[in-house]
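Please look over the sequence and the structure below. A short briefing follows, grouped by topic.

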Amino acid sequence: MNFTIKNCIAVLMGSLALVASFSSLASVFPKEVTVEPIKGAKKRNIVFILTDDHRYDAMGFMDHPFMKTPHLDSIANEGVHLKNAMVTTSLCSPSRASILTGLYTHKHRVIDNNRLEQEGVIYFAEYLQKQGYDTAYFGKWHMGDHNDHQRQGFEHWVSFAGQGHYWPPKNKKNWTLNVNGERVKQKGYITDELTDYAIDWMKESQRKEKPFMMYLSHKAVHANFTPADRHKGMYDGKVELPANHKIEDYGEHTPRWVRDQRNSWHGVDFPYHSEVDIKKYYQNYTEAFSAVDDSIGRVKQQLKDMGLYEDTLIIYMGDNGFMFGEHGLIDKRVAYETSIRVPMVMQLPSLIEGGQTIENVVANIDIAPTILEAAGIQKPAHMDGQSFLPLAQKKKIKWRDYFLYVYYWEKNFPQSPTVFALRGNKFKYITYYGLWDTDELYDLENDPKEQHNLIADPKYTKTINKMKNHLFDMLADQGGMDIPMNKPKGNESYIRLRTRGGDKAADFPEHYVVDKPQHTNAQ
Ligand SMILES: [Ca+2]
């Protein structure tokens, strides 16, 4: 065999390996949508309401210092509050893909906010269609930045490209919504307009004859937070920031990257590279939510008017958390509680007793199996999540003790590293990939704000090792030992503000710095 032939064979083998790896990616989804009905189960109507960047505690019934959310509160009163709801990746598109597919981010591979879904992707709505459901999608899709085409599984479709706009944008004369393939101008304030579309669809006569699933996905409350005119100023003089943490609040073992991130696009010292007043910013956020609360009220009233209220499952959730000063940061992505926790409430009066609080950790990957169960469909084998409907029915079932969190570094926002975290009921362990910096361990029971990193305390060595092992075992079990990558795309927000110490890197964590050489025998 000469060198050239050998080379050709090597290339051919390499290509085969590449094909094999591509096909193993594609195989996450089954080739066909096969419905396995649950014997004797009813097909209940389903309303799923999603918001963007709504943090877990921005709800009136959680004793919020000033927010009023009567309609959201009413779901918790008449149903359950899933107090420990989390997202497996705290970022818009990855979390939305997890909701729609029931899969971890490394499986559906929507790892940033700029990409389309994988070929062969299956959404839970496709199972509902096979089960005889009418299905409709209203609002923000946001997978594939400029792409609002109608996705499979939804026979009725009202959406828009990317982030959308609170009001029709003056600088984009051709801005339209995609309404079942037609380009239709946005007329007014988007939260109200999406609700109008949703209510009109609910009113159509066949809704009483056939089971339906409505997915109402608001643009609110994503930045730049814009309240409806009727809500502007409603919290004037009442606003308190959730947090405004200084470096000293966290002690000497804080990761270096966290301290550096303060002076970045996602930090309190240089937020969005602007002079924005975070307190005013938070006020706009809370006021913008009021139109969502109105929307929830209108949908609930419509179900009552149609006589469908008792037997319709309503789930409300946010797609990821949001920080307003915790750890000196804003936004999301990181593994701290305010980033990974989301608001979630659910009601189904005919099946679920009202006024309950569920403590179990539930997640975005559990939404699809839960909705499918309410529709009388068994969880498809490929899905990672699990239905939490039995928890609300007070049934004794096996539930996760540990929650796996992943986030993959984006060149667009280089200040947040690749993160893997394991959250137990008491401890959370966080580690970073490809970074010279410290891991973290928090005692969530005694330190719920995660201000005391216990990683260097010898008392916790056993706990740390146990959690580290368990995290990587879980990643291996869940197919997460390969880090998905994308070709960089979009703007890169890497600058720092010199006048706030932006030309200086943060100190290393104290336990990384020693006073004398360690290896005395080195030659
Ligand atoms: Ca989001």
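For its 523 residues, a compact globule would have a radius of gyration near 24 Å, and the protein has 24 Å, so the two values agree. The model is a predicted one. The C-alpha trace spans about 85 × 75 × 55 Å along its principal axes.

**Overall make-up**

- The secondary structure consists of 12 helices and 16 strands.
- Of the 523 residues in the protein, 44% are buried.

**The largest nonpolar core**

- In soluble globular proteins, nonpolar side chains tend to be buried together.
- The largest nonpolar core of this protein has 121 residues.
- The members that touch the most other members are Phe124, Met214, Tyr316, Met344, Val345, Ile371 and Val419.
- Helix α8, which covers residues 278-305, gives this core its largest share, eight residues.
- Which residues does Ile371 touch, not counting residues up to four places away in sequence? They are Ile46, Phe48 and Phe124.

**Gln283 in helix α8**

- Gln283 lies in helix α8, the helix that supplies the largest share of the core.
- Is Gln283 buried or exposed? Gln283 has 23 other C-beta atoms within 10 Å, and 20 or more are needed to count as buried, so Gln283 is buried.
- Leaving aside neighbours within four places in sequence, Gln283 is in contact with Tyr235 and Val239.
- Thr226 is 57 residues from Gln283 in sequence, yet the two are 10.0 Å apart in space, C-alpha to C-alpha.

**Helix α3**

- Helix α3 runs over residues 92-101 and is mostly covered, with 10 of its 10 residues buried.
- The buried residues of α3 include Cys92, Pro94, Arg96, Ile99 and Thr101.
- What do the buried residues of α3 pack against? Their partners are α4 (105-108), α5 (124-130) and α10 (367-374).
- Just after α3 comes Gly102, which takes a positive phi of about 75 degrees.

Technical notes. Residues are numbered from 1 along each chain as its sequence is written. This is a predicted model: local features need pLDDT of at least 70, side-chain atom pairs count only at pLDDT 80 or more; totals for chains, interfaces and linings use all residues. A nonpolar core is a set of buried Ala, Val, Leu, Ile, Met, Phe, Trp, Tyr and Cys residues joined through C-beta atoms within 7 Å. A residue is buried if 20 or more other C-beta atoms lie within 10 Å of its own, exposed if 12 or fewer, and partly exposed in between; C-beta atoms are placed from the backbone. Helices (H or I, at least four residues) and strands (E, at least two) are DSSP runs, numbered from the N terminus. Two residues are in contact if their C-beta atoms, placed from the backbone, lie within 7 Å. The radius of gyration is taken over C-alpha atoms; the globule rule is 2.2 Å times the number of residues to the power 0.38.
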